[in-house]
Amino acid sequence: MLTAFVANAAAVLAPGGRLAWISPIPRVTDPALQAAGLVLRGSLTLDMGGFTGQLQRWDKPLRPPGRRR
């Protein structure tokens, strides 16, 4: 379910936009976000009172990687 969410979030995010969220399983969600073209700009481990999560900021580039103006 999380990988479907991040794929959809990346698809509807405007170029230059950002996604800030707490990922409960970054080892699963990080590759999905990268595959969707987002770039990780910051990450912080949080104690969520029984499990850890990653507070993350992902940016959508203005242009896809490799494209020049």
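**View 1. Secondary structure of the protein chain.** In this predicted model, the secondary structure of the protein chain consists of two helices and three strands. Followed from the N terminus, these elements come in the order α-β-α-β-β. The C-alpha trace of the chain spans about 45 × 25 × 15 Å along its principal axes.

**View 2. Burial, surface and contacts in the protein chain.** The protein chain has 69 residues, of which 28% count as buried. When contacts between residues at least 6 apart in sequence are considered, 55% of them join residues at least 24 apart.

**View 3. Phe 51 in its loop.** Phe 51 lies in the loop that runs between strand S2, residues 39-47, and strand S3, residues 52-59. Because its relative accessibility is 45%, a value that falls between the limits of 20% for buried and 50% for exposed, Phe 51 is classed as partly exposed.

**View 4. The contacts of Phe 51.** Once the neighbours within four places in sequence are left aside, Phe 51 is in contact with Pro 24 and Leu 46. Pro 24 and Phe 51 are 27 residues apart along the chain, and their C-alpha atoms are separated by 8.0 Å.

Conventions: Residues are numbered from 1 along each chain as its sequence is written. This is a predicted model: local features need pLDDT of at least 70, side-chain atom pairs count only at pLDDT 80 or more; totals for chains, interfaces and linings use all residues. Side-chain values use heavy atoms; hydrogens and water are left out. Helices (H or I, at least four residues) and strands (E, at least two) are DSSP runs, numbered from the N terminus. Buried means under 20% relative accessible area, exposed over 50%, partly exposed in between (1.4 Å probe, protein chains only). Contact means heavy atoms within 4.5 Å.
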